[in-house]
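User: I'm new to this structure and would like to learn how to read it. Could you walk me through a few features?

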Amino acid sequence: MFNLRFAASYLLYRLRANTRHGTHSPFVYRLVDKVIYDFRAKKVYLEVEENYEKAGSVEGKSLSPKLKQLIYRLVADWQPANIAIVRTLDDVTRAYLQKAASNASLQTLEDSPEKTDIIFINDTDDLYKTYQLCLSKAYERTMLIITNIYSDKDTWVKIKADSRVTVTIDLFAVGLVYFRKGQVKEDFTIRF
C-alpha cells in the first residue's frame, strides 16, 4: 500500500511541477537555473565517490548520488559559515558538505550557533517536532534542507503555511525552506 501511495504522490508531483520558466521570483529562478539544474559533471563528484569506493566504504547509500550532488551544489552556492545536521548523515554526504563549504563548521543542531546558515534534516521520525526545534536556530539567511518530505506530507503542508517561512521549494526527494526577509511568500514545486 505504501508503494502505491508513494507512486501516487510522485505522479501528482510531476503533474504540478514547473521548470525554471514557471517561476516569477528572481531568487528562485536563479537558484533553479544556476544550481538545481546544473547537471554538469564536476571533478569533486568523482573525487568524493572514488575516495569512498577505494576505502571500501559501504556507507553513503542512503541518498541517491544525484541528490548528494544537488546538496553539494546548494551548499556551495549558499556558502554557509555553519551547517547543522539533524539525525545521522552518511559519510559520502558528509564529505560532499565538507567539500562544498570547507570553512564551515559542521555540527549537530544542539551544538550549532544561535543563528545557523544551513540546517540539514535527514529523514527524521517526527518532522514537525524537529522543524520546531530548528526554528530556534533559524534566521533570515537560514536554508533548511529536508529529505523525504513526502513521508510526512501533512507536516510539509504545515511548514509551507508557517508565517515565518517565505519560500519553499518542493523537489520531491528534498524540500528547501527559506526565511528571507522582504521576500513575497511563495511555494514552488520544481521538476528535478
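Predicted model: local features only at pLDDT ≥ 70, side-chain atom pairs only at ≥ 80, totals over all residues.

User: How many bridges join strand 3 to strand 4, and do the strands run parallel or antiparallel?

Analyst: Strand 3 covers residues 118–121, and four bridges tie it to strand 4, with the two running parallel.

User: Which residues of strand 4 point one way, and which the other way?

Analyst: Met143, Ile145 and Thr147 point one way, while Leu144 and Ile146 point the other way. Both sets are buried, and strand 4 (residues 143–147) is mostly covered, with five of its five residues buried. For the chain as a whole, buried residues make up 47% of the 192 residues.

User: Now helices. How do I read the angle at which helix 6 and helix 7 cross?

Analyst: Angles under 35 degrees count as roughly parallel. The axes of helix 6 (residues 127–135) and helix 7 (residues 153–161) cross at roughly 30° and come within 9 Å, so these two helices are roughly parallel to each other.

User: Which residues meet there, in helix 6 and in helix 7?

Analyst: From helix 6 come Leu127, Tyr128 and Tyr131, and they meet Thr155, Lys158 and Ile159 of helix 7. Sorted by class, this contact has four nonpolar residues, one polar and one charged.

User: And how many helices and strands are there in the chain?

Analyst: The chain has seven helices and seven strands, arranged along the sequence as α-α-α-α-β-α-β-β-α-β-α-β-β-β.

Terms used: Residues numbered from 1 in each chain as written. Heavy atoms only, no water. Buried < 20%, exposed > 50% of the residue type's maximum accessible area, 1.4 Å probe, protein only. Axes fitted to C-alpha atoms, helices over the stretch in contact; angles between N-to-C directions. Parallel < 35°, antiparallel > 145°, perpendicular 65-115°, else oblique. Contact = heavy atoms within 4.5 Å. Nonpolar A, V, L, I, M, F, W, Y, C, P; charged D, E, K, R; others polar. Pairing = 2+ DSSP bridges.
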